[in-house]
Amino acid sequence: MDGLNPTARWAVAAIAAATLLHAGPSSAQGLPYETLESLRPVLVPEDPDNDTLLLQRAAARPARILDGEGNTYFVSDTIHVADDVLLKNAVLRYTLHESLAIRVISKLGPLATATSRGRGLELNNVTIAMADLPSGDKTQVGSIEDSAAVWIANVDGVRLEDVEVAGELKGTGIRIVESTEVDVIRPHVHHMRYFAASAPATEQLVGVWVSGGADVWIHLPRIHNLTGKILATDTDEPFQTDGITVSGVQGLQITEPRISFVGEGIDLTGSEAVVGFSVTDGVITDADSYCYKFANHTRDGDVQRNQAIRCGYAGFVVAGPDAAPPGPSDIRFFD
């Protein structure tokens with residue numbers, strides 16, 4: 001797995017104890033960071049509870065750059081992130097447990113209003129690896145409604161660059177809700193698996209899921225090997241998993257997606273319309289049902305230079321609505 005090095009250990013206490021050297025501008029988003037540098041290394045035993053507590057304290061302070069320096073931190077609970085924080089160069093190994101609401105990194109702004117929203121989150125070169133549940137009921141690990149490795153809601157100004165997610169979890173790799181000015185660059189979500197007693201009727205696992213908000217760009221996503229373990233039939237296959245799902249977004253670009261071995265590749269759908277979108281230069285292979293699906297109220301979009309290879313039902317489908325009309329419209333396909 002990319003970037004994983006379980007033997008590398010630096011105490012997160014270094015982050016909390018580091019000296020504030022200077023205040024400077026952020027990189028892409030122009031956020032008011034105070035840079036943390038010269039992190040003091042301390043070797044400590046693997047301690048998920050200790051790492052979690054220290055990371056929570058560090059991430060709760062606004063206007064910070066937190067540099068993990070490429071090392072591994074063992075996490076047992078959610079890291080809640082303050083406004084205007086950049087977390088970079090870290091591997092988080094998350095200890096799974098029986099819970100229907102599992103989130104490793106969480107950034108929740110206030111309920112969306114004109115004057116009260118969260119500000120600024122950047123993740124750069126961050127890997128989240130779900131450790132296998134050693135015992136217990138794996139069907140009770142996560143849920144599609146409430147679980148994700150990265151969960152972001154009601155935030156203006158989000159940049160996720162080179163974020164990797166892998167491991168066993170029912171839910172989503174990267175979940176973004178009602179947020180604006182969102183860039184998701186080179187996400188790598190792979191080898192995720194959910195457990196279910198019997199075949200589910202709806203999706204249980206999504207690589208990248210965006211609902212609501214505006215001005216979203218997903219560039220060069222690599223999403224592959226999202227599967228479900230169905231205990232009743234003892235099968236392990238890409239059933240009821242999506243590579244990318246988007247609903248209710250105004251202004252969406254998906255460029256150069258590379259998606260394989262999933263249930264559906266890209267699914268633009270939902271009761272709220274995706275309006276004004278483009279999907280370009282994609283390659284989706286080995287989808288259990290559809291490679292590209294534009295459904296329900298999706299409208300005003302360009303689909304250009306995309307390949308669909310070995311798709312179970314169809315390479316490209318325009319369908320819907322499953323609720324009140326109107327259905328999808330003004331969707332243009334180009335070579």
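**Charged pairs along strand β9**

The side chains of R159 and D183 meet in a salt bridge, with 3.3 Å from N to O. R159 lies in strand β9 and D183 in strand β10 (residues 171-185), so this pair ties together parts that are 24 residues apart in sequence. Both R159 and D183 are buried. The model shown here is predicted.

Why can such a pair form? Side chains of opposite charge can pair when their charged atoms come close.

Now look at the chain as a whole. Its secondary structure comes to two helices and 25 strands. The chain has 335 residues, and 56% of them are buried. Take the contacts with a separation of 6 or more: residues 24 or more positions apart account for 71% of them. The accessible surface comes to about 13500 Å². Carbon and sulfur atoms hold 51% of that surface.

Return to strand β9 for another one. D162 forms a salt bridge with R186, and the closest N and O atoms are 2.8 Å apart. D162 lies in strand β9, while R186 sits in the loop between β10 and β11 (188-196), so this pair too ties together parts that are 24 residues apart in sequence. Are these two residues buried or partly exposed? D162 counts as partly exposed because its relative accessibility is 28%. R186 counts as partly exposed as well, at 32%.

D236 has 40% relative accessibility, so it counts as partly exposed. R193, at 22%, is partly exposed too. Elsewhere, salt bridges that share partners join R159, E161, D162, D183 and R186 into one network.

Where is E168 found? It is in strand β9, which covers residues 155-168. E168 is buried because its relative accessible area is 10%, and buried means under 20%. Its side chain makes a polar contact with the side chain of R193 at 2.6 Å. The E168 side chain makes another polar contact, with the side chain of K138, at 3.3 Å. Leaving out residues up to four places away in sequence, E168 touches L96, M130, D132, K138, V141, R193 and F195.

Methods:
Residues are numbered from 1 along each chain as its sequence is written. This is a predicted model: local features need pLDDT of at least 70, side-chain atom pairs count only at pLDDT 80 or more; totals for chains, interfaces and linings use all residues. Side-chain values use heavy atoms; hydrogens and water are left out. Helices (H or I, at least four residues) and strands (E, at least two) are DSSP runs, numbered from the N terminus. Buried means under 20% relative accessible area, exposed over 50%, partly exposed in between (1.4 Å probe, protein chains only). Contact means heavy atoms within 4.5 Å. Accessible areas come from the Shrake-Rupley method with a 1.4 Å probe; for residues, only the protein chains shown count as cover. A polar contact is a pair of N or O atoms within 3.5 Å; within protein, one must be able to donate a hydrogen and the other to accept it, and residues adjacent in sequence count only if both atoms are side-chain atoms. A salt bridge is a side-chain nitrogen of Lys or Arg within 4 Å of a carboxyl oxygen of Asp or Glu.
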